[in-house]
Amino acid sequence: MKNRLKITFNAPVILSIVGISFVVTLMNYMTGGKSNELFFMTYHSALLSPLTWLRAFTHIFGHADWSHLAGNMSILLLLGPMLEEKYSSRTLAIVVVITAIMTSVINYIFFPEIALCGASGVVFAFILLSSFTSFKKGEIPLTFILVAVFFIGQQIVEGISVNDNISNMAHIIGGIVGGIAGYRLNMKAKA
């Protein structure tokens, strides 16, 4: 009998985000952008509307186009399985939800004229979170410092100097959430 390889559903949170995001992007194309506008993009709308609160989370699934989707999903698929294995599906889902809500709320308060969609905040949370994978008690990994300087620093510079429809704020907030989560999760694990 030959050894048979089988495909495993190894990272349910990540694979779910990727699958939902693919379907949502397809729907966005099929509806001429209406589905994103209604359900998968957060913007300044009535606080009493249930859709405002739904979009505070679901905006991470909406992407402007295939290139936007491919960029975000590539990094999620690269980092996500490792993070999901290290921290658990439940913990990673919590990081995703916190990142989505935080970027939405900050966007709503400080940038009321800007609509936000895509998983970029989550991507940046994962980038910073992944830099803590070799964390030891009483130490801050140099990789974390360098990642924070390069990625967050670049977003601050671009946010000030480049006008390009990219939400640098979502990247910064995602990075902060990922950095705090990485530090706290690893401090708890070492205690």
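A nonpolar core is a set of buried Ala, Val, Leu, Ile, Met, Phe, Trp, Tyr and Cys residues joined through side-chain atoms within 4.5 Å, where buried means under 20% relative accessible area with a 1.4 Å probe, protein chains only. Keep in mind that this is a predicted model, in which local features need pLDDT of at least 70, side-chain atom pairs count only at pLDDT 80 or more, and totals for chains, interfaces and linings use all residues. Residues are numbered from 1 along each chain as its sequence is written, and side-chain values use heavy atoms, with hydrogens and water left out.

Let's start in the middle of things. The largest nonpolar core has 40 residues, and Leu76, Leu83 and Phe126 have the most contacts inside it. Two or more residues come from each of α1 (12-30), α4, α5 (89-110), α6, α7 (142-161) and α8 (168-190); these helices are DSSP runs of H or I, at least four residues, numbered from the N terminus. The most is given by α6, with 8 residues.

Now look at α6 itself. Because 11 of its 11 residues are buried, α6 is largely enclosed by the rest of the structure.

Next, follow α6 to its partner α4. The axes of α4 (residues 66-87) and α6 (residues 120-130) come within 9 Å and cross at roughly 40°, the axes being lines fitted to C-alpha atoms over the stretch in contact, with angles from 0 to 180 degrees between N-to-C directions. Residues in this contact (heavy atoms within 4.5 Å) include Leu76 and Leu83 of α4 and Phe126 of α6. Phe126 also touches Ile14, Leu92 and Val96, among others, not counting residues up to four places away in sequence.

Terms used: Buried means under 20% relative accessible area, exposed over 50%, partly exposed in between (1.4 Å probe, protein chains only).
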